[in-house]
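Let's take a walk through this structure together. Have a look at the chain first, and then we'll go from its overall layout down to a single residue.

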Amino acid sequence: MKNLKLKPNQKVVQDYYQELGQLTQLNLLNEGAVAPAFARLLHYCAKQLGLTLSEQHTTRIGGKMLRFDAAFLDDFKLLHGLWEAKDSQDDLAEEIKRKFKAGYPKFNFMAQSPRHIIIWQNGQEVFNHAIDQPEHLVRALKLFFEYQRPNYEEWQEAISEFK
C-alpha cells in the first residue's frame, strides 16, 4: 500500500488555503472559481501515487455515459477514485444523492466544497467533515488516496449494482 506524503503545514496545502482566502475576499466561491485550486492539490497528491488526474472525465458505467469533475486513473486506465466539486452554498449530501441516483459509483467517491468534504468508499460514507483546518483536509485526502480496493469477490459485489 502506498502512503500519501502530505502534512498540514506543507506548502501545497498552505497554498490551497491561501488561494481560497483570496477567492473568498473577492466573493468568488462558486464551483468554477474554487475547483481549480483544489484540483492543483489533488494533482499533487495523485502524482505522488502514480495516478493521473483526468478532469471532466467521461466514461460509460452501466450503459450510461457519465461525466465526473475528475477521475483518478493508473497507467492501465483503471479507475481509482472520483471527485465532484461543488459550490459553497450546495448541500453536499443532497448533491451526492443526485449523483448516486444518476449512476455514479460509490467505491471511492469524494464530493468537496471549499469548506467541506464527504467521502464514500465501498458503498458507505466514511468521512463527512469540515475542512477549515488543514489537519482535517489532509486526513480526508489520505483516506481518499490511500484507498485500497476490496478483494475480487467484494469488488464484484460492490460493482454488481452497475451491471
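Read along the sequence, the pattern is α-α-β-β-β-α-β-β-β-α-α. That gives five helices and six strands, where helices (H or I, at least four residues) and strands (E, at least two) are DSSP runs numbered from the N terminus. Keep in mind that this is a predicted model, where local features need pLDDT of at least 70, side-chain atom pairs count only at pLDDT 80 or more, and totals for chains, interfaces and linings use all residues. Residues are numbered from 1 along each chain as its sequence is written, and side-chain values use heavy atoms, leaving out hydrogens and water.

So how is the chain packed? Its radius of gyration is 15 Å, which agrees with the value near 15 Å for a compact globule of 163 residues; the radius is taken over C-alpha atoms, and the globule rule is 2.2 Å times the number of residues to the power 0.38. The C-alpha atoms fill a box of roughly 45 × 30 × 25 Å along the principal axes. Of the 163 residues, 45% are buried (under 20% relative accessible area; exposed is over 50%, partly exposed in between, with a 1.4 Å probe and protein chains only).

Now zoom in on Glu 95, which sits in helix H3 (residues 92-102). Is Glu 95 buried or exposed? Glu 95 is buried, because its relative accessible area is 14%. Leaving out residues up to four places away in sequence, Glu 95 touches Lys 86 and Asp 90, with contact meaning heavy atoms within 4.5 Å.
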